[in-house]
Amino acid sequence: MKKSARSLLLAAALALLAIVVRDFMRSTDSVSAKLPSQLPVLPREIGSQSLSWQWTQSIGDSTHIEASAEGFSQASDGLETDLRGVVLKIFRGDAGTHDRIDSAAMRMVAGGDLYSEGETVIRFGVGDGREGAAAVVAYASGVTFHLEANRARTDRLVRYEFSDGEGSSIGAVYDAAAATIELLSQVAIERGSGSPGAPATSIRAGRLLYAEAGSTVEVSGGARIERGSQWLECEKGVVLLAGGRIRRASCTGSQAGDAEASRESRFEAARMEAEFGAGGELLRVQGRGGARLESGGPGQRLEVRGAGIDLDYQSAGPGGGSFLRQVEARGAARARMKPESGSVRNSLESEALAIRLCGGSAQVELVETLDRGRMVQSAEGADGGSRALEADRLRLAYGESGGLESLTARGDARSVQSGSRPGSAALRTWSDELEASIDPGTAEISGLRQTGSFRFDDGAASGTADTARFDLGRSTLELMGDATLTDPGGSVRAERVSYESASGRLEARGAVTGSLVPGGPPDGEPTPSGLFESQLPMYFAAGVLSTDPERQVVEYRRRARLWQGRNRIDADALSIHQTGSWVRADGEVFVAWEDAEPGGAAAVKSCRMTYESGSGIARFDGQVEFRRAGMIAYSDELETGLGGGARNAVAVGWVRIDATAPGSGHRGSGDRAEFGLADSTVVLTGRPAWVEAPDGTRSEGGRLTYRATGDSLQVQGHGAERAYTYRPASR
C-alpha cells in the first residue's frame, strides 16, 4: 500500500480484525445451520466402564458429528460419567474439512453438560481424511459444554494459533444456537501480514464478539489495533461482513493514526463509519461528533476540524488498496495548512469546506469552502503581519512543495491586511471577487486583484473603483475604472489611480478631478489674502496627477486646472506645495481672480507662472497678457498680487497697453508699467513711453501716469528729455 493510504487506519485495522475472526470462525459458516438443537447425550444404558466408546450422528448419507473416547467410567450414582481420550469431530458437509476437539479427559455431569478440566485443543478447518495443519488452533482448559443450550464456555486463559500468528484471551464463549463466539476479556492477537516484508498486526481489546447472523464482529471495553506504524483505538466498534469480506465498520470514541518516521497522521471522532469495496479497499469514512484530522510530514502540515468529517478514497489501481483523495468537513469546519519550509500559516473557517489531496500522497492540492468562509494568513515572528479574507466562496490551490499557489474569492469578498509595524493601520477592502497572487519563495500573498464594486479603507485613506490591484510587498494599491481616493489632504477621481499606502505617494491618470485642502495657520482660521484661502478646499482637473510626499509636492499635467471660487489657474502643467506655500504653472498658463474693485475681475495669460501664497505675489513670463477693468496689457514679464487683497502689479519688457474695446480707453507702450489695482492708475516709463487717449490725443515722455478710466493724465520727461503731447487736428 502506498504511503498515502496510511494517513488513516480505521477501516484497514477493522478489516484485519474481521479477517482474524473470519479465520477463527471459518467452520461455523456452514455448520451451525445443520447442528441439532443440542449435542447428543451419551446413552445411559452403557455399562459403568469401557475401554472404548464411539458415537456418530448422520444427516442423510453424510456423517455430521463423530465422537469417540478411549474409555469411560460412570459413577455409582449414575450422575457423572468420566471420558478419557475424547475426540469430537464436526464435519463441514461438502467443504472437505472438519473441526476437531481433543481432550485428555472430560466429565459428563448431571444435566448432560460436559466439562474438561485439563487442556482442550480445538482445531478449525482440518482436512477430511488427514490430521494436517488447521487454519486456527485454540488451547483452553476448564471448558464447560452446555449441551442443552448448545454453548461452550471457559473463564480461563485461551491461546490461539494461526497460520501466521498467535493470540490469547481470558475466557471465551461459543454459542452454537446463536451462532456467536465471544472472547470475554484481555483479548490479544498477533497476526502476520501474509506478504514478505509487510508489518504484522496486533489487536488488543477488552472484549470481542462474532455473530454469524448479520455477519458482525464487535469489540468493546477499549480496543487498539496496530499494524506497523498504523494504529486504531476505540471504545467499541462493529464490523459488518459480506462473503467473508468487510463491507462496513463503525466505532465510537475512536482515534486512528500513522506514526511513520517521515509523516504522522491522526483522525479522531466520537463516532466513525467506514465503507469498503468488493475488493476490500477503503471507499469512505465518516466521522461525527467533533471530528479532527491531523497530518504532518515533509512539505506541509494539515489540520481539519468539524462537527463532522467525511473522507473519500480513490482506488490505488492494480494491487489493491486505496488512498485518501478528498476530505469534507461540516459544522463549524476549520482547516489549517502550513508548509514545513515556510513561516506562513493559512487557516480556513466555514460551515462546510472540502479538501482535495494530490493523487498518491497526503499533500493538499485544493481547499474550497462550500459556504461563506473566512481565511486567515499569518506569518510567524514579532514582525509578521496577518491577513484575513472573507467571501461567499473561497478557493485555495497548493503546489507540489506544499505552499499556497493561488487564492480566489467569490461573492462579497472582504479582506483585512494588518500592518506589521506597531501602530500601523489595517488595510480593509471590499469587492465582488478577489484573486491573490502568491510569492513562490515564501508562499505569502504578494498581491490582490479585486473586481466589482471595489472599495478600501486604511485609516489614512479610502477609495472606490471598478477593479483594484494591491501589491502587498510594495504596499501599492492601483484603482481602475471610475476610481476615487480620499485622504485628509483631499480627494481625487480618475480613470486610474495608483496609491502607495506606506509613503502616501499617489498617481492618477485619465479625466482627473478632485479637491485639495492646503495648510493654514495653527488656529485653523481661513486667511482671505492671496489667490486661494487657506484651509478651504481647492479643486483641480487634469489628465495626470502625481504626488511626491518627500517634497510635499503635487503635480498636475495635461491641461490642468486649479480653482477656488472664481479664482483659478489653468496650465499644461501645475505644481503645488501640499501646504499651499507655492504654485508653479507651465505651458499656456491662464490665471483669473476677483479684483480689488467690487465686482471686478482680472486675468493673466503667459507661458509660465510662479506664485507664493505667503506674499500673495505671482510672477509671469513669456508672452504675458494681463486683463482688468477694460484694459489689456502685453509684456515679457509681469509681477502682481493675486486675489482680492492685491494692490499693484508690475509689467516689464516692451509693455503694450490697449483697451478691451476700440475707443473705450487709453492705449500705451513703454519699457515698464506699474498698475495701481486699487485706484486703476497706470504708470508707464520708457525712452520714451507713450499714451494715447480715446480721443486720439497722444502723449510721450519718460514717465506717464494716468487713470485707466481716462479722467486724468500726467506727463513727465525723463532726465534731460522733454515730454510731448499731440492732439488731433480737429482739436
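## Basis of the model

The model is predicted: local features need pLDDT of at least 70, side-chain atom pairs count only at pLDDT 80 or more, and totals for chains, interfaces and linings use all residues. Residues are numbered from 1 along each chain as its sequence is written, and side-chain values use heavy atoms, with hydrogens and water left out.

## The largest nonpolar core

A nonpolar core is a set of buried Ala, Val, Leu, Ile, Met, Phe, Trp, Tyr and Cys residues joined through side-chain atoms within 4.5 Å. Buried means under 20% relative accessible area, exposed over 50%, and partly exposed in between (1.4 Å probe, protein chains only). The largest such core has 149 residues, and Phe626 and Phe675 touch the most other members. Strand 22 (residues 322-338) gives the most to this core, namely six residues. Strands (E, at least two residues) and helices (H or I, at least four) are DSSP runs, numbered from the N terminus. In soluble globular proteins, nonpolar side chains tend to be buried together.

## Strand 35 and its partners

Of the 11 residues in strand 35 (residues 538-548), nine are buried. Two strands pair if DSSP finds at least two bridges between them. Strand 35 runs antiparallel to strand 34 (residues 505-516), with eight bridges joining them; arginine 509 has valine 544 in strand 35 as its bridge partner.

Strand 35 also pairs with strand 36 (residues 553-564) in the antiparallel sense, over eight bridges. Here threonine 547 is bridged to valine 554 in strand 36. Strands 35 and 36 form a hairpin with four residues between them, and glutamine 552 in the turn has a positive phi of about 55 degrees.

Glutamate 478, in strand 32 (residues 476-487), makes a side-chain polar contact of 2.7 Å with arginine 496. Aspartate 175 lies in strand 12 (residues 165-175), and its side chain has a polar contact of 3.3 Å with that of arginine 151. Aspartate 175 counts as buried because its relative accessible area is 16%.

Serine 699, in strand 45 (residues 698-707), is buried, with a relative accessible area of 1%.

How values were computed:
Polar contact = N/O pair within 3.5 Å; in protein donor to acceptor, adjacent residues only side chain to side chain.
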